[in-house]
Amino acid sequence: MEIKRDRMACLLNIGDSFRKIVITEDLIKRHRDENGIEWVNVYDFLRSEEL
């Protein structure tokens, strides 16, 4: 859990003009969290034409 917190801190330090995407192998539905970070499964990312 600490590793995730460290990685999230790096993303939160990036300005809002940049799109922030976390690609994970976990089987999750694509969503945007309260910090504006988009979460997407790696398989959905590879198949998507819009990312």
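Which residue forms a salt bridge with Arg32, and how far apart are the closest N and O atoms?

1. The partner is Glu38, with the closest N and O atoms 3.6 Å apart. This is a predicted model. Arg32 is exposed, at 53% relative accessible area. Glu38 is buried, at 4% relative accessibility.

2. Glu38 also belongs to the sheet. In β3, Glu38 is the bridge partner of Ile21. Strands β1 and β3 (residues 38-41) run parallel and are joined by four bridges. The sheet is open, has three strands in the order β1-β3-β2, and shows mixed pairing. Its edge strands, β1 (21-24) and β2 (31-32), each pair on one side only.

3. The salt bridges come to six. A network of them links Arg19, Arg30, Arg32, Glu38 and Glu50. Within it, the side chains of Glu50 and Arg30 meet at 3.2 Å, N to O. This pair links distant parts of the chain, 20 residues apart: Glu50 lies in the segment after α2 (42-47), Arg30 in the loop between β1 and β2. Glu50 is exposed at 60%, whereas Arg30 is partly exposed at 34%.

4. Another salt bridge joins the side chains of Lys20 and Asp16 (3.5 Å, N to O). Lys20 is buried, at 8% relative accessibility. Asp16 is exposed, at 74% relative accessible area.

5. The largest nonpolar core has five residues: Met8, Leu11, Val22, Ile37 and Trp39. Beyond its neighbours within four places in sequence, Trp39 contacts residues including Lys4, Met8, Val22, Arg30 and Asp33.

6. Asn35 sits in the loop between β2 and β3. Asn35 is partly exposed, at 37% relative accessible area. Its C-alpha atom is 13 Å from that of Arg7, 28 residues away along the chain.

Technical notes. Residues are numbered from 1 along each chain as its sequence is written. This is a predicted model: local features need pLDDT of at least 70, side-chain atom pairs count only at pLDDT 80 or more; totals for chains, interfaces and linings use all residues. Side-chain values use heavy atoms; hydrogens and water are left out. A nonpolar core is a set of buried Ala, Val, Leu, Ile, Met, Phe, Trp, Tyr and Cys residues joined through side-chain atoms within 4.5 Å. Buried means under 20% relative accessible area, exposed over 50%, partly exposed in between (1.4 Å probe, protein chains only). Contact means heavy atoms within 4.5 Å. Two strands pair if DSSP finds at least two bridges between them. Helices (H or I, at least four residues) and strands (E, at least two) are DSSP runs, numbered from the N terminus. A salt bridge is a side-chain nitrogen of Lys or Arg within 4 Å of a carboxyl oxygen of Asp or Glu.
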